[in-house]
Amino acid sequence: MALLTCQDLSLGYDGHEIVHGLNFEINSGDYLCIVGENGSGKSTLMKTILGLQTPTSGKILTGDGLKPNEIGYLPQQTVVQKDFPASVWEIVLSGCGNRTGLRPFYSKTEKQIAKDNIEKMGLTPLIKRCYRELSGGQQQRVLLARALCATQKMLLLDEPVSGLDPKVTTEMYELIEQLNNNDGITVIMISHDIESAVKYADRILHIGSEIFFGTKDEYVKSTSARAFLKGGEENG
Amino acid sequence: MAELFEKLSLYLQYPFVRYALIVGVLIALCSSLLGVTLVLKRFSFIGDGLSHVAFGAMAIAAVVGLTNEMPLVLAITVVSAVLLLRTGQNAKIKGDAAVAMISVGALAIGYLLMNLFSKSSNLSGDVCSTLFGSTSILTLTRTEVWICAVLSVVVVAVFILFYNKIFSVTFDESFARATGTRAGLYNLLIAVVIAVIIVLAMNLVGSLLISALVIFPALSAMRVFKNFKAVTICSAVFSVACALFGILISILAGTPVGSTIVAVDIVGFFIFLVIGSVKGGING
Ligand SMILES: Nc1ncnc2c1ncn2[C@@H]1O[C@H](COP(=O)(O)OP(=O)(O)OP(=O)(O)O)[C@@H](O)[C@H]1O
Ligand SMILES: [Mg+2]
């Protein structure tokens, strides 16, 4: 069975539908990129997969032993209040929250997991620093480390490179690729950077007036891509 | 100076003075713990609204003629906390407007009730002490002291047990929910604990000054420390120290307890403000 299956999924708010008839499957180890215009419902799809809101109709099934709370999530904009006093360590450790159950405190194992992920993201020198005093790229890596604490199977990333400079963007993409290749983590990423989407992902989901789901080679040839790719070139 | 200490040690020989100190410290400790969460989650307006509800409840209790009004006030305040949280989350009703309506309404009705039915000869004194705290918490009865002590211990225990969950829910509620934390439940818990703290703190500083007890320690600690744990510990220590000083000063100088404590809090806040801007913050 696939890791994640969406069947006839429709999304929306308060009964107002935004996307209809989504059908796709994601297997373990896939790297899926979700593309589409602003407001087409990409973030909404992600929130629905995470169970933050209910689909207006259709079903989301998880398989291969993936529990719904074992999905790591990097939000598009964290609604973290501007002056929240929290250190890198505290934030990354909070990603282990889904492992503790009713136990009130974090165990040694969980602290080790947090340490390992901080190391993996190259944040060890910043471990005691205050989150709000980090640069945008460093903040993204902190949130990625937190997401990794919550999962070993699947990461959902909502525009992880928005606002980052080209160098840090490439580093971020490479970090994500490593997680996908070396750790076998399934990646679902929303991106407006269609060139990189085509470069790194192996599957593309295009949401818009037309819905496309397939491999990136199929996508480049498809009609929904043609308009979108052209638009991207004109702008950039 | 020696005279002051003599006066103090004389006072401290009375058990009710010692009780007052113990209760004051416990209440200060409790009210500081959730301060950071309250400030950051924009829940402080709920705290404010609830304190007015507690005032209304107090008036009702007085009118009905209860000897021990605490259980009734506690029940009404907890229920209101839950209701306010519900409306606050409902996007269709403006949460803050609802809170404002309820809190002003409770204030008005409370005063009206007291005016109409009170048998007390000193009405404005009664109202004043409910709003700004009794002129001295030395008048607390033994039962009240016990209730305060037990509730404080419960609040502290709940806070320590759920410390990590409260952090997650405060820092990033959607991430917490996505990874299976029942954020709604913890929001409810936070609201109920706030209600309990407010009812407790009413005895100490009166219903108008409660917010000060909740907010000043958190804001002061946030000037100097930059991680959640340090801020929490610092605001607890800050709050307890200010309460202790405030109570002692008010005993010696005969000033009203509540406003004296809040005045000490304000002084403390400015000291921390200066420390914060001098040091540029400590990372520990
Ligand atoms: N909380 C909400 N309540 C009602 N409607 C919403 C809500 N959030 C988003 N929408 C609407 O749903 C639609 C899809 O929003 P969504 O955030 O999923 O877009 P998106 O594809 O992620 O866009 P972007 O590329 O700008 O991030 C938009 O038209 C938006 O106005
Ligand atoms: Mg989006």
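This is a predicted model: local features need pLDDT of at least 70, side-chain atom pairs count only at pLDDT 80 or more; totals for chains, interfaces and linings use all residues.
Visitor: Which protein donors does the magnesium ion have?

Guide: They are A:Ser43, through OG, and A:Gln76, through OE1, lying 1.9 to 2.3 Å from ligand 2, the magnesium ion. Donors here are N, O and S atoms within 2.8 Å of the metal (3.2 Å for Na, K and Ca), and water is not among the atoms, so sites may look incomplete.

Visitor: And where do A:Ser43 and A:Gln76 lie in chain A?

Guide: A:Ser43 is in helix α1 (residues 42–49), while A:Gln76 is in the loop between β5 (71–74) and α2 (88–94), so the pair ties together parts that are 33 residues apart in sequence. Helices (H or I, at least four residues) and strands (E, at least two) are DSSP runs, numbered from the N terminus.

Visitor: Is A:Ser43 buried or exposed?

Guide: A:Ser43 is buried, at a relative accessible area of 18%, whereas A:Gln76 is partly exposed at 35%. Buried means under 20% relative accessible area, exposed over 50%, and partly exposed in between (1.4 Å probe, protein chains only).

Visitor: What about ligand 1? Which residues come nearest?

Guide: A:Gly39, A:Lys42, A:Ser43, A:Thr44 and A:His192 do, out of 13 residues around ligand 1; a residue counts as near if one of its heavy atoms lies within 4 Å of the molecule or strand. The side chain of A:His192 also has an N or O atom 2.9 Å from an oxygen atom of ligand 1. That is a polar contact, meaning a pair of N or O atoms within 3.5 Å; within protein, one must be able to donate a hydrogen and the other to accept it, and residues adjacent in sequence count only if both atoms are side-chain atoms.

Visitor: New topic: what order do the 6 strands of the open sheet take?

Guide: In chain A the order is β5-β6-β7-β3-β8-β9, with mixed pairing. The edges are β5 and β9 (212–215), each with a single partner strand, so one side of each is left without a neighbour in the sheet. Two strands pair if DSSP finds at least two bridges between them.

Visitor: How many bridges join β3(A) to β8(A)?

Guide: There are 5, and these strands run parallel. On to β9(A): 4 bridges join it to β8(A), running antiparallel, and the two form a hairpin with 4 residues between them.

Visitor: How many residues of β8 are buried?

Guide: 4 of the 5 residues in β8 (residues 203–207) of chain A are buried.

Visitor: Last one: where is A:Tyr173 found?

Guide: A:Tyr173 is in helix α6 of chain A and is buried, with 3% relative accessibility. Leaving out residues up to four places away in sequence, A:Tyr173 touches several others, including A:Tyr31, A:Met189 and A:Tyr200. Contact means heavy atoms within 4.5 Å.

Note on methods: Residues are numbered from 1 along each chain as its sequence is written. Chains are lettered from A and ligands numbered from 1 in the order in which they are written. Side-chain values use heavy atoms; hydrogens and water are left out.
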